[in-house]
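Okay, let's get going. Have a look at the model on the screen, and I'll walk you through a few bits of it.

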Amino acid sequence: MTDAEESSANRITGGRFDKVVMAGSVHGDINVGRSGDSPADLADPLIASVRLRPGGTLADLVLDTDPPRVAVPGGTVHIVTVEARTTRAVVLQSARVVVVSRTPPRPACLLVRVGGLLEPRPFTTDFDAPSPRLVAQGPDFPYTVSATDVEQFEIEPVTTTHEVAWRLEVDWTCAGRQGTTVIDNHGEPFHAYPVPVLHSGRSHSVLSSGCDLFHERGCPASLLEASGAPASLWDQEQPPPYPVLPPLAEAPASVDLDPDLKESWPEYRRLAVAIRMSAAGPGFRSHEPPEHRALLIRVLRYLFVSGQAHPGAALGRLVHAEWTEALGEDHPDTLAAANRLAGCLIGTTDHAAARDLLAGLLPRATRVLGEDDPLTLTVANNLCVAYLGLNEYERARDQTEDVLARSRRVLGPDALGTLRTTGNLVQIHLRLGDRASALAVLEDLVPRCRRALGEDHPQTVSAAAVLARVLAQED
């Protein structure tokens, strides 16, 4: 064999081959075609890919799980592209959605972005129906696809009551064979969250974080962003794996820790998620046993101090209404629930509603508990905070000074309630432009907080920060 002959030699050893072309030397063009299809191609003739497009309005959805996770709002358009891996035509006979699971909706944050209205989709499916089916908005099955002629389906899953995990199945016929191709999210089911459960009329429901065009402090999206993970489905190339509903048994049955301390918040968060899910269901009952009432009052405090005032207000309304009916409006726990509700209303900046609630609550607490009871003093202090939020500064100052004098006499100058009231008086002095009075109060308040509560207590940290700010302004 000459050098020229060696350079054009072809050898194949071992293995199994479908179509093989062997040539010695080639001069000019060569065209190679396929005369058939492999058994594997005919056994599974479809290639499907899925991408998502916002439905109706572009929105970000983050579930309040541990850790928080990005999810897919119901109504998001799933664009399914189907092509054939074979040269033969594949007839798509029918398609159906298969519900893998329906689960109660979890608390979530929904942030609506501006713009993004879409044209009607060719297919919708109503997951609220007992047996969901695809409803064509145009031409219906069957269709035909090939390697050069593809089909694209836009499926809009709709759900209003439950989180739904689902897959799509497509029945096909090709070369005398029949089969079914399952289309899902890389082996996991697709997911649809029932956005309507986040709203009750024009208000946020107990499942909503209160976010709208901006994220609320303490919402799951802000926690997700703090971890460095993207909080938007639309900032990722592919949809994330859809989360599985964790059993409610994983939530702590009770938390005895102080809800004001941040180290207790992870346990309170898991508990609050379970309670909010329960409150969103029918027949919510929370007034028995008494230990459960005490726990709920602490949960409402946690929701307020952690920046989740909107879900706190929604839960507080439900709890207060139920306890008023079951226990009576003058029951001490009903009074305590009303006070927590008012605090959450202040947190949502609905100061007028908080003022009205507290103004009616204060005389009842005074009559039932006495004017020097700690809860009565707290209600009176919160009413002063509501006046402050309504810019009624002089009225707030006069009443806060009265509450502070009573707190010092009954609770003591170093009691937490007294120190909180003192901190409120500082804010009132600052709003009135009286920095000298504010500084005089602060210089007594900060060392008292450090001595009574410790350097790291939120009340100490807050008072020290205000003192530093006032001193810096004096310079």
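So, how many bridges join strand 2 to strand 6? Five, and the two strands run antiparallel. Strand 2 covers residues 59-63, and in that pairing Leu61 stands opposite Leu110 in strand 6. For the terms: strands are DSSP runs of E, at least two residues, numbered from the N terminus, and two strands pair if DSSP finds at least two bridges between them.

Quick caveats. This is a predicted model, so local features need pLDDT of at least 70 and side-chain atom pairs count only at pLDDT 80 or more, while totals for chains, interfaces and linings use all residues. Residues are numbered from 1 along each chain as its sequence is written, and side-chain values use heavy atoms, with hydrogens and water left out.

Back to the sheet: it's open, three strands in the order 3-2-6, with antiparallel pairing. Strand 3 (69-70) and strand 6 are the edges, each pairing on one side only.

Now the rings. The whole structure has four aromatic pairs (ring centres within 6.5 Å, Trp by its six-membered ring; planes under 30 degrees apart are stacked, over 60 edge-to-face, the rest tilted). Phe127 and Trp166 make a tilted one, 5.6 Å centre to centre with 45° between the planes. Trp166 also pairs with Phe190, again tilted, at 4.8 Å and 40°. Trp166 sits in strand 11 and Phe190 in strand 13, so that pair ties together parts 24 residues apart in sequence. Ring pairs link Phe127, Trp166 and Phe190 into a cluster. Trp166 counts as buried because its relative accessibility is 1% (buried is under 20% relative accessible area, exposed over 50%, partly exposed in between, with a 1.4 Å probe and protein chains only).

Terms used. Helix = DSSP H or I, 4+ residues; strand = E, 2+ residues; numbered from the N terminus.
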